Amino acid sequence: MTHQKTLPDSYYQLMEQIQQVDFVLVELTLYLDTHPDDLDAINQFNQAAYESRQLKNTFEKQFGPLMQFGQSFSNYPWDWKEAPWPWQV
Amino acid sequence: MTYTLVKCYSPYISKMDPCPPMLKKCFSTPPNLYIPFQPYNSEQFPTAREALYKGTLWTCLYDPYPLKREENLE
Amino acid sequence: MWYYEKKLQYPVKVSQCNPRLAKYLIEQYGGADGELSAALRYLNQRYTIPDKVVGLLNDIGTEEFAHLEMIATMIYKLTKDATPEQLVEAGMGAHFVNHDHALFYHNAAGAPWTATYIQAKGDPIADLYEDIAAEEKARATYQWIIDVSDDPFINDSLKFLREREIVHSQRFHEAVEILKEERDRKKVF
């Protein structure tokens with residue numbers, strides 16, 4: 001049966017930090033698609049990709065996997081399918 | 001910035017128009033219309049947080065809405 | 001293939017239960033210039049466009065799915081606990097008798113999504129100009145929804161989505177510039 005899980009403020013704060021870094025990555029991706037030889041932008045991209053990894057590792061330790069099909073490790077029991085989903089929080 | 005992000009015009013007003021006339025109509029002319037190819041080393045918003053909440057990383061592409069439309073006539 | 005990530009691209013907040021606003025937002029869910037149309041348009045055009053700009057169509061198409069999920073989240077939250085009476089009062093009675101609280105791919109007037117909303121001419125310039133037009137139409141739609149919405153949180157998310165249309169339009173213009181460039185001529189920007 002489903003049970004209510006109230007998320008702590010830290011969920012929203014950490015999620016927002018991920019959204020910020022990942023947004024920079026989206027913007028740089030689209031930019032680099034039309035400016036593929038901009039080295040400064042590529043360095044910034046790689047730095048942001050590293051930061052994103054770090055933040056997601058921290059997030060997943062507390063709140064479970066962000067991705068699946070093997071893109072994240074699993075806890076026991078399988079917690080990927082647990083609510084809440086992004087549209088519910 | 002050498003361009004405005006809104007353009008306005010005055011539609012013809014007839015005494016036969018049933019609704020009270022809108023003296024001025026305005027429309028967006030967003031920055032992408034003025035940038036043929038984004039230059040290298042374009043200015044960025046200083047933080048990732050600001051970029052997210054502006055909806056773009058690049059200051060030259062930011063276009064707030066709604067604008068204060070009144071300022072843009074003449 | 002694609003991987004799903006359990007996060008929204010942008011934090012979506014909603015002030016209050018407001019099914020009338022949800023009815024308007026459905027335009028960007030299953031309407032002609034909505035996010036579903038956008039995603040399918042670009043991802044479908046990838047197969048018949050020069051390799052130089054496939055990546056751009058791929059990535060913008062992928063981002064559009066994140067926007068579709070944001071719109072769905074807004075509609076879901078605005079209608080989640082609305083009673084049938086509230087839905088009827090908001091003009092969503094016809095939606096309710098067919099779909100209950102389910103989302104459906106139709107526009108604000110209830111017309112179901114159709115593949116005729118998207119074009120694929122197979123001509124790279126024709127298709128990219130179609131994409132630029134689609135972005136400008138989506139930008140305009142966001143403006144009109146912001147104009148009739150008084151929910152400050154929803155408007156914050158809609159302003160984000162409107163700005164994304166501007167960035168996408170810019171990148172599609174650049175794709176045209178890349179394709180029209182003369183071969184072997186060094187580009188000067």
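Predicted model: local features only at pLDDT ≥ 70, side-chain atom pairs only at ≥ 80, totals over all residues.
Figure 1. When neighbours within four places in sequence are left aside, the contacts of C:Glu35 are C:Gln28, C:Tyr29, C:Glu64, C:His67, C:Leu68 and C:Ile71.

**Figure 2. Surroundings of C:Glu64.** C:Glu64 is part of helix H4 of chain C, residues 51–79. This residue also counts as buried, with 23 C-beta neighbours inside 10 Å. Apart from neighbours within four places in sequence, C:Glu64 is in contact with C:Glu35, C:Ala38, C:Ala39 and C:Tyr42.

Figure 3. An unreviewed UniProt entry places the feature "binding site" at C:Glu35, C:Glu64, C:His67, C:Glu135 and C:His168. These positions span 134 residues in sequence, yet no two of their C-alpha atoms are more than 12.9 Å apart, so they gather at one spot.

**Figure 4. Packing of helix H1 of chain A with helix H8 of chain C.** The view shows H1(A), residues 9–34, beside H8(C), residues 152–180. Their axes come within 9 Å and cross at roughly 15°. Angles under 35 degrees count as roughly parallel, and the two helices are therefore described as roughly parallel to each other. Their crossing is left-handed. H1(A) contributes A:Leu30, A:Asp33 and A:Thr34 to the contact, while H8(C) contributes C:Val167, C:Arg171, C:Glu174, C:Ala175 and C:Ile178. By class, the contact residues comprise four nonpolar, one polar and three charged.

**Figure 5. Contact between chains A and B.** Eight residues of chain B are in contact with nine residues of chain A. On the side of chain B that touches chain A, five residues are nonpolar, two are polar and one is charged.

Figure 6. Chain C contains eight helices and zero strands. Its C-alpha atoms fill a box of roughly 65 × 30 × 30 Å along the principal axes. Of its 189 residues, 46% count as buried. Among contacts in chain C with a separation of 6 or more, 77% join residues 24 or more positions apart.

Methods
Residues numbered from 1 in each chain as written. Chains lettered and ligands numbered in written order. UniProt positions renumbered as here; feature names shortened; annotations may be inferred. Contact = placed C-beta atoms within 7 Å. Helix = DSSP H or I, 4+ residues; strand = E, 2+ residues; numbered from the N terminus. Buried ≥ 20, exposed ≤ 12 C-beta atoms within 10 Å, placed from the backbone. Nonpolar A, V, L, I, M, F, W, Y, C, P; charged D, E, K, R; others polar. Axes fitted to C-alpha atoms, helices over the stretch in contact; angles between N-to-C directions. Parallel < 35°, antiparallel > 145°, perpendicular 65-115°, else oblique. Left-handed = near helix turned anticlockwise from the far one by under 90°.
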